[in-house]
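The sequence and the model come first.

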Amino acid sequence: MSKIGYFWRYSKMVHKVRQQPYISKSDLMAYLEKGLEHAHALDDTMTLGISARTIERDFREIRNLIGISIEYSHARRGYYIEEENTFGEMALMRMLESFDLYQSLNIAQDIDRIAFPEKERPQGLEHLCGLIHAIE
């Protein structure tokens, strides 16, 4: 798998755990499996299937490379992101949003121009890829 495939998976994992704190490993795996069809269009070398071991390895890589710690809560039986480094996480979230936009536009190569005239930070970019896929 290329580096884009790994980065796609890391960004989706961080986004989902942030969106749904205390998510179970099986729910996270199901979410990632569901998105693999769109990711495969980005990187045709991505393997179809995500194991529990892959999830654990990705958690370590996200912590080591990006600095976001995804931890397991035994009391709530799910994964969450520790809120320590808010400045670094804000920068990362903007980078992940930009990656989602790039990914979506890279898949839909027939689109000539897209304009975002708002000065506010765009919301919901993680859904853009699926929308473009549905439109096609």
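## Ser69 and its contacts

A polar contact is a pair of N or O atoms within 3.5 Å, of which, within protein, one must be able to donate a hydrogen and the other to accept it. In this predicted model, such a contact, of 2.3 Å, joins the side chains of Ser69 and Glu71.

Ser69 is located in the loop between α3 (52-66) and β1 (70-73), and with a relative accessible area of 15% it counts as buried, since the limit for that class is under 20%. When residues up to four places away in sequence are left aside, Ser69 touches Arg63, Tyr80, Ile81 and Glu82.

## Aromatic pairs

Ring centres within 6.5 Å make a pair, and by this rule there are three aromatic pairs in the model. Because Tyr22 lies in the loop between α1 (3-19) and α2 (25-42), while Tyr80 belongs to strand β2 (residues 78-81), the pair ties together parts that are 58 residues apart in sequence.

Tyr22 is partly exposed, with a relative accessible area of 30%, and Tyr80 is likewise partly exposed, at 22%. Over the ring of Tyr22 sits the charged end of Arg76, 4.2 Å from the ring centre. Elsewhere in the list of aromatic residues, Phe59, Tyr72 and Tyr79 form one cluster.

Which residues of α3 are buried? They are Thr54, Ile55, Asp58, Phe59 and Ile62, and because they cover an arc of only 145° around the axis, they lie on the same side of α3. An α-helix has 3.6 residues a turn, so residues three or four places apart point the same way. The face of α3 turned away from the buried side carries the exposed residues Arg53 and Asn64.

After α3 comes Gly67, whose phi is positive, near 90°.

Methods
Residues are numbered from 1 along each chain as its sequence is written. This is a predicted model: local features need pLDDT of at least 70, side-chain atom pairs count only at pLDDT 80 or more; totals for chains, interfaces and linings use all residues. Side-chain values use heavy atoms; hydrogens and water are left out. Rings of Phe, Tyr and Trp (its six-membered ring) pair if their centres lie within 6.5 Å; planes under 30 degrees apart count as stacked, over 60 as edge-to-face and the rest as tilted. Helices (H or I, at least four residues) and strands (E, at least two) are DSSP runs, numbered from the N terminus. Buried means under 20% relative accessible area, exposed over 50%, partly exposed in between (1.4 Å probe, protein chains only). A charge sits over a ring if NZ of Lys or CZ of Arg is within 6 Å of the ring centre and within 35 degrees of the ring normal. Contact means heavy atoms within 4.5 Å. The arc is that of the directions from the helix axis to the C-beta atoms.
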